[in-house]
Amino acid sequence: MAIGAPTTRLAMPARTGIGGRHALYAFGPTTTRERTLQATPDTREATGADARLSGRAASSCRWRGGLAAPGANDMRPELQEDPEMSCAASMKICDGADWFSSDLSSLISHELHDVPAFNRKQWEFAMILRALSEAGALRFDSTGISFGAGQERPLYAIANRVRQIWATDLYSSDTAWPTARKDNARDLTDFVRAGSPFATISERISAKSMDMRAIEFPDDSFDFAYSSSAVEHIGEWSDFSAHLAEVRRVLKPGGVYVLTTDITFGPNSEHPGNFKFSPAGLEWWLQSSGMAYEPVVDCRIAHHYVNTPLPPDIACYFAPGGGETHLNLAGTNIGLFGKLSTVHCLAGCEPHTSVLLILKKAAVSCGAVEFPGFHETRDFLLSARGMIGRMLEDSTLCPQPNPWIPDGMKPDAWATSYMWLGEKHRMVRVNIEVDQPGSVTIGVNKAQADRYWEPLVEMVESVHLIEKEAEFEFPLFCDNSHTFAIYGRALPGTRLKHVNVILDDSRTYSQAAMKIEPAAEFIMTPAARRQVPTSPASSLLKRTAKAALIRLPEIRALWLDRNRLRDEADRLRHEADRLVLRLANQKRFVRLEGPGRPGQY
């Protein structure tokens, strides 16, 4: 796809485009020589991970001009595809700079019929289309198969360019994935065809509910196959091997398999059904496939704020007043904020993103895989993670109390997302309003970072009586290696009307308040809304007084005793008045004098 329409030039150095193609970051007329300028040894030096290219990787790459990191003068080596490989697109990780390549934007706008946004799922869709196109797989006489297809956009874009495409997924009415959730009474193919968000030649689409570890088609059936962030959910390493063997079986000789999955900048995250792969894990995928591949996965990214790793559900951290956020169940799109913040993700303390892999069914022996730029990218992402951690630690957060709770369950239960909060302690305030007096519970779970599906009890769920509205306050002792979720329920007979959660910076609280004994973790305060302290001194005084009251429970008992004594005194006074009146009726000559009452004879 041609690049370089005559417009105003910006003074920016050249960098690689998506899929290994070169794109000059200059808005102006460019020549072929400018776009393919080769580096010479006296102007560039390969260092670090880039210098370790060897064997087939070295023969398939040439050094090219690249975008220097901010404040650096070096030119990074860029990869050029091997002309012997029919799959021209290179394997690489997601990079915010890719959206500024005209070919990616064109694919998103004209084939996926979407608005370009910094969302890694959108990147996966466009990169799959581009890789299949450059591999020559998208022809009007070709047949393909998609794994974990759901009703996602690539399926319909590909249907407009091939003879037939099979959509496969574990379609059911109770699946956690919205795009694969169907009414069991409806024909599956009709369901999938009806999901197109744009004009599609729908008769080219067929659908089957199928496990991708046992592909229900004969050998040599397909010209191509693809999957978008699906393979990491099918099980364990043995399941991955079964899937690869099945894909190799059903592909025709020369057929191509294009897939995207998760790459983590920490160790492999190995939980059955939810994997993230380190470079070693991705190398296992490629070497275990029994297929041909380019032995280089480009891990270089632009050192730019758009590549800052953020929690994919960070919008759920900021929902003042328990306000709603617009979510889907898979968590891939949280309103506009989600579209603008999911290039690199931070589910826990280890950043991760998407990676594109390309496999070809061919009798070619491929060796070790290189990951140029991996360590430099990891250092950049961890540095950016520190910035995000400090921002969260210094902010008062208002997490959404029920982002994933179905509407029908919201009167009975609430739970925040599992939140990565950095290292500093927080003070949690939970305001709960119910429809009538009853009991509610509050608890806190935590999970090892990047393993939020394995909850551990941080604070045991406890039961508390509530009249109509009450506020609970307790400390949360955060650490860098865990995520935290705050949750609660309304016990039978009571329904929730409103829940509000606030996480304050612990540094605004007194040391006494931060050392609440476990038996007195919860403090029930009046239902009136709190006023924001006007100064740190007033906040300190308020917290200190509250901490003192925790250790003086007898005050409440004394107050109740005082009320009982006052009631008893009132009763005795009224009894004395009645006796005096009776005496006055019997002896009229006795004058009755009482407070505020005229004399009688």
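Colleague: Starting with tryptophan 237, what does its relative accessibility make it count as?
Modeller: Tryptophan 237 has 23% relative accessibility, so it counts as partly exposed. The cut-offs are under 20% relative accessible area for buried, over 50% for exposed, and partly exposed in between, using a 1.4 Å probe on protein chains only.

Colleague: And what kind of model is this?
Modeller: It's a predicted model, where local features need pLDDT of at least 70 and side-chain atom pairs count only at pLDDT 80 or more, while totals for chains, interfaces and linings use all residues. Residues are numbered from 1 along each chain as its sequence is written, and side-chain values use heavy atoms, with hydrogens and water left out.

Colleague: OK. How many aromatic pairs are there?
Modeller: The count comes to 19 aromatic pairs. One of them is tryptophan 237 with phenylalanine 240, edge-to-face at 5.6 Å centre to centre and 85° between the planes. The rule takes rings of Phe, Tyr and Trp (its six-membered ring) with centres within 6.5 Å; planes under 30 degrees apart are stacked, over 60 edge-to-face, and the rest tilted.

Colleague: How far apart are tryptophan 237 and phenylalanine 240 in helix H7?
Modeller: They're three residues apart in helix H7 (residues 237-250), which means about one helical turn separates them. Helices here are DSSP runs of H or I with at least four residues, strands are runs of E with at least two, and both are numbered from the N terminus.

Colleague: Is phenylalanine 240 buried or exposed?
Modeller: Phenylalanine 240 counts as buried, because its relative accessibility is 0%. Tryptophan 237 also forms an edge-to-face pair with phenylalanine 275, at 5.5 Å centre to centre and 90° between the planes. Tryptophan 237 sits in helix H7 and phenylalanine 275 in strand E10 (residues 274-276), so that pair ties together parts that are 38 residues apart in sequence.

Colleague: What about the relative accessible area of phenylalanine 275?
Modeller: It's 3%, so phenylalanine 275 is buried. Zooming out a bit, Trp237, Phe240, Phe275, Phe277, Trp284 and Trp285 form one aromatic cluster.

Colleague: Which residues are linked with Arg139 and Asp141 in a network of salt bridges?
Modeller: Asp223 and Lys252 are in that network with Arg139 and Asp141. Another bridge joins arginine 213 and aspartate 211, with the closest N and O atoms 2.6 Å apart.

Colleague: What are the N to O numbers for glutamate 433 and lysine 497?
Modeller: Their side chains meet in a salt bridge at 3.7 Å, N to O. Glutamate 433 lies in strand E14 (residues 426-434) and lysine 497 in strand E19 (residues 496-505), so the pair ties together parts that are 64 residues apart in sequence. Glutamate 433 counts as buried, at 18% relative accessibility.

Colleague: On to strands. Why is strand E15 largely enclosed by the rest of the structure?
Modeller: Because 10 of the 11 residues of E15 (residues 438-448) are buried.

Colleague: Which strands does E15 pair with?
Modeller: E15 pairs with E16 (residues 456-466) in the antiparallel sense over eight bridges, and lysine 446 has leucine 456 as its bridge partner in E16. E15 also pairs with E18 (residues 482-490), antiparallel over nine bridges, where valine 440 stands opposite alanine 490. Pairing takes at least two DSSP bridges between the strands.

Colleague: Cysteines, then. How many disulfides turn up?
Modeller: Zero in the whole structure, looking for cysteine sulfur atoms within 2.5 Å. Cysteine 299 counts as buried at 0% relative accessibility, and cysteine 398 counts as buried at 16%.

Colleague: Last one: how many helices and strands does the chain have?
Modeller: The chain has 12 helices and 21 strands. Of its 601 residues, 51% count as buried. Among contacts (heavy atoms within 4.5 Å) between residues at least 6 apart in sequence, 74% join residues at least 24 apart.

Terms used
A salt bridge is a side-chain nitrogen of Lys or Arg within 4 Å of a carboxyl oxygen of Asp or Glu.
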